Amino acid sequence: MTERYIGLISGTSMDAVDAALVEFNADGPQCLMAIAHPFPESLRQDLRTLAAPDWRGNLDDFGRLDALTGDLMADAALSLLARAQVPASTITAIGSHGQTVRHRPDAHPPFTLQIGSPARIAQATGLTVVADFRTADVAVGGQGAPLVPAFHRAVLQHPREDRVVLNLGGIANITHLPTSAQALVLGFDTGPANTLMDHWIRHHRQARHDENGDWAMTGQVSEALLARWMADPYLDLAPPKSTGTEYFSPTWLQAHLATCPGVSAADVQRSLLEFTATSIARAIQSHASNAARVIVCGGGVHNGALMARLRAHLAPCIVESSSRHGLDPDWVEAMAFAWLARERMQGRTGNLPAVTGASRAVMLGGIHAP
């Protein structure tokens with residue numbers, strides 16, 4: 001039986017809402033169409049303020065942004081349907097990740113918070129919405145992240161090749177897919193991918209990202225900065241573990257830069273790129289040393305300089321885009337939340353306890369009817 005779902009996600013970069021129309025049939029999930037629905041600049045700036053670790057706003061700000069983000073998610077879903085010329089009546093449900101504004105799995109008590117009112121999405125679209133995916137995992141002792149490894153296992157595990165799936169979003173995360181379907185899948189956040197590089201180029205060159213890593217490659221690696229960053233305690237934590245932009249934040253970066261004065265802006269950008277590549281490579285070599293192939297998705301796959309450094313660090317392991325496996329790297333996460341919504345609608349668990357550290361597998365997400 002063919003089913004259609006929509007997956008919505010806004011990553012830590014807050015550049016757009018990724019919306020994917022996914023069809024599920026006997027051949028597995030197929031992305032029929034996907035769009036990047038842009039954020040209004042004012043909303044992006046307000047959300048960045050809310051997500052900053054030193055936010056001291058009020059509940060009125062929070063409530064307003066929750067509603068506005070929900071409206072934006074709904075607009076993304078409706079724009080996708082219009083672009084695809086698909087009637088809403090053919091869609092079973094929307095899986096909406098929302099926008100993460102806090103992720104504190106190690107707090108007491110632990111919590112994670114994504115905003116983007118699912119009730120408003122449901123009412124605006126007339127569709128059932130599955131949302132708030134992470135909190136159920138946290139409630140049973142998990143990190144609430146990463147959740148996408150279950151989807152990676154469903155679509156990319158290979159019986160004769162040990163693989164890693166690497167997502168290069170704001171934060172980098174890996175999924176280790178051993179050849180045996182019975183073996184435990186490992187997945188965790190390795191550290192920053194694009195978030196600090198994007199912040200730095202916004203601050204110094206008023207650009208949203210470093211196209212192809214071109215600016216970074218005009219600089220030189222500061223070995224002193226790289227050594228400081230590689231000594232960060234998060235990198236040495238054993239998985240399961242997860243992190244976010246509230247940890248690897250502009251405040252974190254400035255604190256380190258204060259100890260190494262005189263490094264040029266271009267050299268900082270080059271060093272951040274090298275930190276991303278080096279921390280990812282170390283994580284893979286430490287926890288997935290048998291991997292023959294690293295399959296890369298997320299926006300960072302378009303950074304040619306970063307991909308080149310990853311290949312240099314991980315040789316002779318193959319490092320390639322997920323497009324080689326029929327998955328557009330820009331839409332893998334949106335597809336994953338369509339898949340997770342389907343798992344929830346069909347009453348199946350969605351987390352992998354070996355990945356998140358949860359005490360047991362649980363169904364993820366609450367169901368919101370229109």
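Analyst: First, the terms: on a 1 Å grid over the protein atoms alone, a pocket is an open set of points with protein on both sides within 12 Å along at least five of seven lines, whereas a cavity is a set where a 1.4 Å probe fits but cannot get out; lining residues have an atom within 4 Å of a point. Grid points are joined across faces, edges and corners, and the volume is the space filled by probe spheres set on those points.

The model is predicted, so local features need pLDDT of at least 70 and side-chain atom pairs count only at pLDDT 80 or more, while totals for chains, interfaces and linings use all residues. Residues are numbered from 1 along each chain as its sequence is written, and side-chain values use heavy atoms, with hydrogens and water left out.

On to the pocket. The second largest pocket holds about 430 Å³ of space. Its lining counts 21 residues, with Arg-48, His-199, Arg-202, Thr-245 and Pro-250 nearest the centre. Helix α6 is the top contributor to that lining, with five residues; α1 (41-51), α6 and α9 (250-257) each supply at least two. Helices here are DSSP runs (H or I, at least four residues) and strands are too (E, at least two), numbered from the N terminus. By class, the lining splits into seven nonpolar, nine polar and five charged residues.

The scale runs from buried (under 20%) through partly exposed to exposed (over 50%), using a 1.4 Å probe and protein chains only.

Now the salt bridges, each a side-chain nitrogen of Lys or Arg within 4 Å of a carboxyl oxygen of Asp or Glu. The structure has 14. Helix α1 comes back here: Asp-46 and Arg-64 pair up at 3.4 Å, N to O, joining α1 to helix α2 (residues 59-84) across 18 residues. Asp-46 is partly exposed at 29%, and Arg-64 is as well at 39%.

Arg-342 bridges to Glu-3, with 2.7 Å between the closest N and O atoms. That pair ties helix α12 (residues 332-345) to strand β1 (residues 3-10), 339 residues apart, and both partners are buried.

Technical notes:
Ala, Val, Leu, Ile, Met, Phe, Trp, Tyr, Cys and Pro count as nonpolar, Asp, Glu, Lys and Arg as charged, and the others, Gly among them, as polar.
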